[in-house]
Every structure is written in structure tokens, then in C-alpha cells.
Amino acid sequence: MKDAEQIFRIRSMSKSELALAYAPTLTPQGAVNRLMDWIRRNVELSEALVRSGYRKQQKLFTSYQVRIIVSFLGEP
């Protein structure tokens with residue numbers, strides 16, 4: 001069972017915050033690059049994010065967009 005600090009909560013968050021949750025050993029920019037590469041390579045995920053209103057220039061993912069990402073990639 002995960003303790004309270006390890007539970008991942010769906011909420012709006014910056015790209016770097018979410019990316020670092022998936023790749024905590026990378027630099028913030030490296031983690032964002034990796035996350036965005038995963039998103040670009042997954043056509044269904046990319047299309048779902050676009051349908052949610054996602055734009056490349058966004059600095060934050062909405063809670064709905066985080067939920068979409070987690071549904072495709074699993075919890076960090």
C-alpha cells in the first residue's frame with residue numbers, strides 16, 4: 001500500500017511537474033522533453049489531448065488533460 005506521500009493525485013499541474021513525476025532523475029527540461037516525446041509518439045494520446053483543448057504553448061496541463069495522460073501512460 002502506498003503511503004500518503006506516494007499517492008498520485010489528478011489535478012492541474014505544470015508540464016515540468018508532471019514530467020518530473022514520470023522521470024524524477026532527469027533535469028526538469030529533460031523530463032519535459034521525454035514526456036512530450038512520449039505524447040508525440042502516441043497518436044491516440046496526442047489526438048485526445050488536442051480534443052481536450054491542449055495547445056503546445058500551454059505551460060500547464062488541466063486536471064482533465066492530466067487524467068488523459070495518466071490513462072494512456074499509467075500513474076507516474
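Modeller: Happy to! Helix H1 (15-22), helix H3 (43-51), strand E2 (60-61) and helix H4 (63-73) are among the elements that cover the buried residues of H2; helices (H or I, at least four residues) and strands (E, at least two) are DSSP runs, numbered from the N terminus. This is a predicted model, in which local features need pLDDT of at least 70 and side-chain atom pairs pLDDT 80 or more, while totals for chains, interfaces and linings use all residues. Residues are numbered from 1 along each chain as its sequence is written, and side-chain values use heavy atoms, leaving out hydrogens and water.

The covered residues of H2 are Ala31, Val32, Leu35, Met36 and Ile39, which are buried (under 20% relative accessible area; exposed is over 50% and partly exposed in between, with a 1.4 Å probe and protein chains only). Seen down the axis of H2, they fall within an arc of 125 degrees, so they line one face of the helix; the arc is that of the directions from the helix axis to the C-beta atoms. Arg40 and Arg41, on the other side of H2, are exposed.

Two of the covering helices also meet each other: H3 and H4 have axes that come within 10 Å and cross at roughly 170 degrees (lines fitted to C-alpha atoms over the stretch in contact, with angles from 0 to 180 degrees between N-to-C directions). Glu44, Leu45, Ala48 and Leu49 of H3 make the contact with Gln65, Ile68, Ile69, Phe72 and Leu73 of H4, where contact means heavy atoms within 4.5 Å. Arginine 51 also belongs to helix H3, and is exposed, with a relative accessible area of 67%.
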